Structure formats: structure tokens, C-alpha cells
Amino acid sequence: MIELNKLRSEKNKIASALKKRGLKEIDNELSKVIELDDQRKNLKSELDKILEESNIIAKDIGVKIKNGEKDSVDELKKRSGELKEKSKSVSEELKSIEIKLRNMLCNIPNIPDEIVPEGNSDTDNIIVSSKELKISNEIKYKPHWDLIKDFNLIDFDTGNKITGAGFPVYIEKGAKLQRALINYFLDEANSNGYSEVQPPILINEESGFGTGQLPDKEGQMYKIEDENLYMIPTAEVPITNMYRKKIIDKGTLPIKNVAYTPCFRKEAGSWGSHVRGLNRLHQFDKVEIVQIENESGSDKALEEMCNYVESLVKSLEISYRKLLLCAGDLGFTASVTYDFEVYAPGQDRWLECSSVSNFRTYQANRMNLKVRDGKNKFLANTLNGSALALPRIVAAILETHQNGNEINIPKALHKYTGFKKINL
RNA sequence: AGAGGAGUGGCAGAGUGGUCGAAUGCGGCGGUCUUGAAAACCGUUGUACCGCAAGGUACCGGGGGUUCGAAUCCCUCCUCCUCUGCCA
């Protein structure tokens, strides 16, 4: 949620930044927000005055009753009754303005950073860097869905039977590879200063609101209707919400957490013929890193996280590239996002395997997360990134390291898999 | 799941209708003393909102109600503890 004070003082700057997202009506919308906030302030003032008088009268009645001056009390009670009526109507009005204001505010996406390029779709994203490995001419690269069958690694049909499309069963060395990757990613994160947590994978509404999935992405999350809980689309939600409604001492920054969790996404409307095998699933595994920083430290934190993610991808000996997302492709809550994509030679496609974002104060404002610096308090900056999402990494590993009758496992994983090759 | 008990400031813990935003202790911060530290003593110490300020308002698990007035009474939901039951 955009900070109201900032909005009031830097309205034009914010409006022009939001226009990069293609929000043409934003000027009007922001003016309306400020207008509502003015109304809110006036009503709050009015209400406070009414309540002040009531409080004075109530105390007065108390004193008078104690002193036995019972007869003079009736008039005060009458006045108090009037004030109560008035306060009821004013506070109702105030409440409805506050709700309107909040609804408007939480439907405005985060302000893109200056470095975020203009653009409408992923074709306008900027390739910041890339490292492409040589592709052998002697190998006819197969897509991973064929390899998975050939080498007996994942059973999609049985997943269909148990649950439905997009819920694969990992088997044999496929299952072992999953576990190896999870452990490898967790260990690496640990040794890079991320403290490991194992959060719930069901979240309540307040948590969903805190990180910005609700109300914006309501339709993308699986919901347990009976309990009013949602299955997490990413560990970002439970991890970041651990710090909801907290004031963190500046000295303890940065907070760095890592968690492995399964993630659940409905992916409504995003299925098509190009989505095969592991490219898009309803349930997938991901190791997620989160940092809480202050305003001045978050750019550095983002850079550090990107470097860390890059080191992971690099260690798997696959081609990758780093993209700076354009405003049109930027998530609702993010200020700036770098995506990492890995190359899958069997399908000649780049697959997104990590998204590293700085949310600045946007989530912190929603969840009331602050940093204390001496006597001052200010909203924290939150950041997160995938490190990494498994399925597309598996796809890229299988497709890149296939070699006829075998698939080579990247060296970094040997001690985790216990095997160096997958054979027919 | 059933029965009983409980939720108060960073923590501990008073307060059961009237100047209570809340005693007291611990912790934190500032100071005196000291070469320095400890101890002792003095002061200070919640959050949000309105206001240029003075000041005001709200908050004692959440929501609602009774009352001129609620931390205190009533309803409801949530959480925790104990016992019983069930169970990975």
C-alpha cells in the first residue's frame, strides 16, 4: 500500500511513475484519494471534539454524584445523550470514508523504481546479463517431458489420478533429485546468512493481505472455504508475515530468512499448448529467501540477493540470463524485479526460475512493519526472491545435461543426490 | 471434540463500574557518583490518529452490546493452559 503522506507530498512524481504501468486514469484516482483523506481528517477532528465533551461530562457526573448533587445531573445526561447520537453518525461516516480510502489505496499498485523500463509485456523486459553455455551439435536435445518418461523420473498420469493435472508424482531418481535440490538450496542459503524457517503452508486472510496477494490475486490461490484459509502460492507470504505488526530494532537488520515449502497456484487462464511437463504446475517446490531491511539498505540487499541467486544457477552448469522487468510485467506489489531464466535446449525456451523483488515500503505499510532507529520509527523495506523454484530448474538440468543414454548430474549436487548420472 | 481456567504496556504482575493509559517490580534509555565498570540514587520509557502548537481522541486478545461513564458487567469469536477423549 502506498504511503498516504508520501502520496500527499509527491503526488505528481508518483503519478508519473505509475503511468509507466499503463494506468492512464491515475491522476484522477490519486486526487480522489487525497480528497477522501481530507474528508477523513475533518471527520476525525470533529469526532474527537464530540468525544472530548462527552468525556468531560461523564467525569463531571461522577464527581457530582459523589458530592450528592444529584439534581444537576439530569441535564448533563441529556446533553451526553445528544453527543452520543452525534458521535454515532459522525463515526459511521468516518468509518465508511476510511473503508473507501483503504479500498482505493490497496488497489493502487506499487510505484515502479526509476530504473524500471517502460513497456507493456515481457517482450519489453531488458536482458541485463546472460551466460550461455555451448550447445553440443552431436546431441539431439529432447524436451524434458520425453526424458522424464524415458528415464522414469516423474509420473504425471498417477498424479492425475490422485489429484488432477498439474500435480505430478516424482519417482525414483526424479524424487531423489528433488530432495537433493531442496537440501542443496537450503544449505547454500544457510551458509549465506539466511536463517532457516519452516512456516505453515496455509495462511489466513490477514497474511494474504499483508504481502498483497489479497485482494489482488484472490482467484490465483486455493482456498479452504470451511476455515477461510488459503494455500500459499509462495513462502514469501508466511515468512514475511512473521514480522507483521512488529517494530524491529535497526541493529538487528538485515533480517534474512529462507524456507522450503511447496507452493500452490491455480494458474487460472494461463494454460495452453506451450505449457507442458514441468513448465507450469499447480503444486511445485520452491526455496524462498526473504530479507527485511531499512530504506537505505534495501538496494544493496536486492543486489546481494540477485548475486546469490546467480551463483546458485551458475553452479548448476546451465545457461541463464538475468532480466530487469519492465513496468508492464512488474508484479502488483513490487517496485523493481529481476527475473532469472534458465535455458531448456530440448524445447529451445527460456524458463523463469527466480524472481527477485524489492517491495520497498509497500508490504510493510500493509502489514504495519516498522524499524526503530533511536527515537524514530519508519516503515521497513521487504524483499524476496526464489532461490530457487524447482520444476523449471529440473527441466533445464535434464535437458541441458542429457547425453544419449544418460543424464549427468551437475557436480554441485553429487553429494546430495548420491549419484552422478541418471541412466536408462 | 467435551469440561474447567485464563488472556492487561518489552516481560512479570496489580486493578472488578467513575479524574485508569492503567500501581508495582524487572528490563531499556538518560543522568549523578567512579580513572573505568558494577552497585546505589534521580529522571525517563507503549502504539496509532487529529492538530502549526498547546492539546485532544482511540486502544487493557478481536468484534458487538449495556451505561452519563467499561480494563472492570453482558453477548460472540479467537488464542493459550489444565483435565477427559481421539489421533499423525
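Let's start with strand 8 and strand 14, which pair in the parallel sense over three bridges. Strands here are DSSP runs of E with at least two residues, helices are runs of H or I with at least four, and both are numbered from the N terminus. Two strands count as paired if DSSP finds at least two bridges between them.

Before going on, a word on the ground rules. This is a predicted model, where local features need pLDDT of at least 70 and side-chain atom pairs count only at pLDDT 80 or more, while totals for chains, interfaces and linings use all residues. Residues are numbered from 1 along each chain as its sequence is written, chains are lettered from A and ligands numbered from 1 in the order in which they are written, and side-chain values use heavy atoms, with hydrogens and water left out.

Back to our pair of strands. Ile248 has Val371 of strand 14 as its bridge partner, and Ile247 stands opposite Lys370, again in strand 14. On to strand 15: strand 14 and strand 15 run antiparallel and are joined by four bridges. Here Val371 turns up again, opposite Phe378 in strand 15. Strand 14 and strand 15 form a hairpin with two residues between them, and Gly374 in the turn has a positive phi of about 65 degrees.

Put together, this is an open sheet of three strands in the order 8-14-15, with mixed pairing. Which are the edge strands? They are strand 8 (247-249) and strand 15 (376-379), each pairing on one side only. On average, neighbouring strands of this sheet are turned by 35 degrees against each other, direction ignored; the axes are lines fitted to C-alpha atoms, for helices over the stretch in contact, and angles run from 0 to 180 degrees between N-to-C directions.

Now to the RNA. How many residues surround RNA strand B? There are 20, and the closest are Arg40, Ser45, Ala58, Ser80 and Lys370. Near means that a heavy atom of the residue lies within 4 Å of the strand. Of the atoms of RNA strand B that come within 4 Å of the protein, sugar and phosphate account for 70%.

A polar side-chain atom of Asp48 is 2.9 Å from a base nitrogen of RNA strand B. The side chain of Lys44 has an N or O atom 3.4 Å from a base oxygen.

Helix 3 gives the most, with 12 residues. By class, the surface near RNA strand B has 11 charged, five nonpolar and four polar residues. In this scheme Ala, Val, Leu, Ile, Met, Phe, Trp, Tyr, Cys and Pro are nonpolar, Asp, Glu, Lys and Arg are charged, and the others, Gly among them, are polar.

On a 1 Å grid over the protein atoms alone, a cavity is a set of points where a 1.4 Å probe fits but cannot get out, a pocket is an open set with protein on both sides within 12 Å along at least five of seven lines, and lining residues have an atom within 4 Å of a point. Grid points are joined across faces, edges and corners, and a volume is the space filled by probe spheres set on the points.

The largest pocket has a volume of about 1500 Å³. Its lining has 49 residues, with Arg265, Asp339, Glu352, Ser355 and Arg392 nearest its centre. Strand 13 supplies the largest share, nine residues.

What about cavities? The structure holds one of 30 Å³ or more. Among the residues lining the largest cavity are Leu153, Tyr170 and Leu398, and the lining divides into six nonpolar, two polar and no charged residues. Helix 7 gives the largest share, three residues.

Terms used:
A polar contact is a pair of N or O atoms within 3.5 Å; within protein, one must be able to donate a hydrogen and the other to accept it, and residues adjacent in sequence count only if both atoms are side-chain atoms.
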